[in-house]
Amino acid sequence: MHKTLIQRVGVLALWLVILAQPCWTCETTTSAIATKDWWQNAQFYQIYPRSFMDSDGDGIGDLNGITSKLEYLKDLGVTAAWLSPIFTSPMVDFGYDISDFFDIQPEYGTLDDFKALIKRANELDLKIILDFVPNHSSNESIWFKKSVAREKGYEDYYVWHDGKVNAVTGAREPPSNWLQAFRGSAWEWNEVRQQYYLHQFAVQQADLNYRNPLVVEQMKRVLRYWLDLGVAGFRCDAVPVLFEIETDANGQYADEEVSGLTNDTEARNYLKSDLIENREETIDMTYQWRVVMDDYQRIHGGDTRVLLIETYAPPAYTMQFYGNRSVEGAHLPFNFNLITVTASEGFSASSVKLAVDNWLNNLPSGRTANWVIGNHDQRRAASRYGAANADAMNMLVMVLPGASVTYQGEELGMTDGEISWEDTQDPAACNSNSQIYEQFTRDPSRTPFQWTSGTNAGFSTAAKTWLPLAADYQTVNVEMETAAERSHLKIYKSLVELRKSSLTLQNGSTKYSVLGDNVFVVKRYLSGSQSIIYVANLASNGVTVNLYDFDQSLPTHLTLLVRSLQSSKAEG
């Protein structure tokens with residue numbers, strides 16, 4: 001049945017819908033539409049392995065736990081699951097400090113467990129993507145130990161420097177004033193080697209030297225190794241910090257200028273980062289990794305192996321990762337605008353529009369957009385945008401053109417857990433103190449996944465989980481939301497089904513605008529297919545808007561396809 005369009009939207013405090021415009025010319029052919037590769041309209045799903053599912057009762061998620069829940073991902077409509085690091089690690093930064101890039105962290109399982117995961121994923125037609133951490137290794141890596149000892153071939157594997165001597169005191173000082181991401185100097189003195197090494201993250205995460213061809217080839221070897229084991233591609237971590245400036249004629253590194261953003265002299269943003277981030281050499285390295293992906297497919301066949309890039313850089317830099325007219329780059333540099341712009345500008349329809357503008361208006365011709373609303377480094381989407389807007393944001397990333405990325409739990413509307421100073425695990429917080437740690441902690445978004453209302457939310461049989469559960473696990477979980485007549489989970493699944501069945505969402509053009517004070521509207525349209533209209537009232541009160549102010553071509557009747565949990569309207 002059709003619902004009459006009465007030029008009013010949002011008669012409830014929160015009303016969000018996806019509407020279909022009838023197509024009077026659907027008999028026309030759509031055969032001219034180019035076939036898209038699997039990743040271009042993919043639904044990527046990020047798994048934080050430590051918090052997804054524990055199979056052995058130690059309170060920590062693992063590979064066998066993930067394998068046991070692959071059917072859930074299949075039922076959810078996921079195209080590819082991206083796993084945060086699973087490699088051998090001292091776990092200072094929970095896997096982002098890798099000591100062996102060629103093996104599995106024992107508490108997560110074994111290589112055989114990983115192979116079993118890949119086998120089961122293939123049976124379910126799910127793709128597995130791994131986190132590639134190219135910037136640094138653990139200081140417990142054999143590479144680092146050999147470099148400390150100046151063993152042949154490893155002397156310059158890392159960024160080493162003698163440092164400076166204070167002209168007044170005669171004391172040795174770091175080579176520059178650069179600051180690390182986790183507070184304090186980015187340089188650490190090594191007593192054995194009698195030099196400083198660079199670490200843009202924790203002291204235990206030593207930066208690899210990408211000006212050394214041996215390092216470049218070693219990391220390509222890492223990529224090929226996991227491709228041989230059946231992964232569908234990589235999400236590349238912290239790419240913008242891969243290169244820093246070279247030393248000057250005197251062999252010294254220049255200091256960064258003070259940013260003026262904070263008075264906290266230990267915080268990384270106390271200084272600018274022009275010398276240690278977003279260097280041109282980094283773009284070229286990404287192009288080299290793309291060659292590895294394409295060469296592998298050319299030699300071995302199969303589907304495209306994808307390269308996804310983590311970057312929070314300005315658009316002019318970020319868009320270069322896609323490649324240019326003569327060379328291919330990343331398939332998808334991650335788009336965090338819906339996180340960063342709404343954080344800096346405040347969450348509103350206007351800031352959402354600005355976030356979309358900043359990506360689509362800068363997107364190179366022929367490239368694929370993507371949309372991200374959360375990850376393991378950010379507070380949970382439902383906490384940042386407000387729980388009432390959970391459906392709105394899940395809908396938005398699936399209505400906008402291109403690929404979408406879901407962080408585990410967003411489909412449920414999971415919110416941040418409350419983590420005390422005593423329970424804090426994240427080094428970004430641990431390097432601060434009990435008074436200010438909440439400014440830096442990422443633990444609240446890393447609490448265990450909520451499967452059931454039972455013990456430990458069905459995540460683990462352990463007496464204690466590695467992080468405490470979020471307080472709402474008894475009502476916000478897969479079991480409850482599957483049984484409910486309507487839920488965030490069921491709405492999410494409806495969105496995925498719509499996206500997979502709609503040629504308009506897969507291939508259509510896009511029009512969007514802000515109506516009134518806080519209503520965001522998107523229209524996707526394609527000749528020969530139904531148009532899809534997204535309408536979201538992001539205000540805390542009901543509003544009335546005229547959709548004809550957005551698009552005068554809208555008919556008098558639209559069909560309601562999907563609505564938010566708060567809406568009292570009926571589909572049809």
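This is a predicted model: local features need pLDDT of at least 70, side-chain atom pairs count only at pLDDT 80 or more; totals for chains, interfaces and linings use all residues.

Modeller: The second largest cavity has a volume of about 30 Å³. Trp178, Leu179, Glu256, Arg268, Leu271, Lys272, Ser273 and Ile276 form its lining. Sorted by class, the lining of this second largest cavity has four nonpolar residues, one polar residue and three charged residues.

Rolling a probe the size of a water molecule over the atoms shows where empty space is left. The count comes to two cavities of 30 Å³ or more.

The largest cavity has a volume of about 50 Å³. Its lining is made up of Ile373, Ala381, Ala382, Tyr385, Ala390, Met393, Asn394, Glu410, Gly413 and Met414. Two elements each give two or more residues to that lining: helix H10, residues 381–385, and helix H11, residues 390–399. By class, the lining of the largest cavity has seven nonpolar, two polar and one charged residues.

A disulfide is a covalent bond between the sulfur atoms of two cysteines. The structure holds zero disulfides. Cysteine 236 counts as buried because its relative accessibility is 0%, and buried means under 20%. Cysteine 430 has 36% relative accessibility and therefore counts as partly exposed, since that class lies between the 20% limit for buried and the 50% limit for exposed.

Note on methods:
Residues are numbered from 1 along each chain as its sequence is written. Side-chain values use heavy atoms; hydrogens and water are left out. A disulfide is a pair of cysteine sulfur atoms within 2.5 Å. Buried means under 20% relative accessible area, exposed over 50%, partly exposed in between (1.4 Å probe, protein chains only). On a 1 Å grid over the protein atoms alone, a cavity is a set of points where a 1.4 Å probe fits but cannot get out, and a pocket is an open set with protein on both sides within 12 Å along at least five of seven lines; lining residues have an atom within 4 Å of a point. Grid points are joined across faces, edges and corners, and a volume is the space filled by probe spheres set on the points. Helices (H or I, at least four residues) and strands (E, at least two) are DSSP runs, numbered from the N terminus. Ala, Val, Leu, Ile, Met, Phe, Trp, Tyr, Cys and Pro count as nonpolar, Asp, Glu, Lys and Arg as charged, and the others, Gly among them, as polar.
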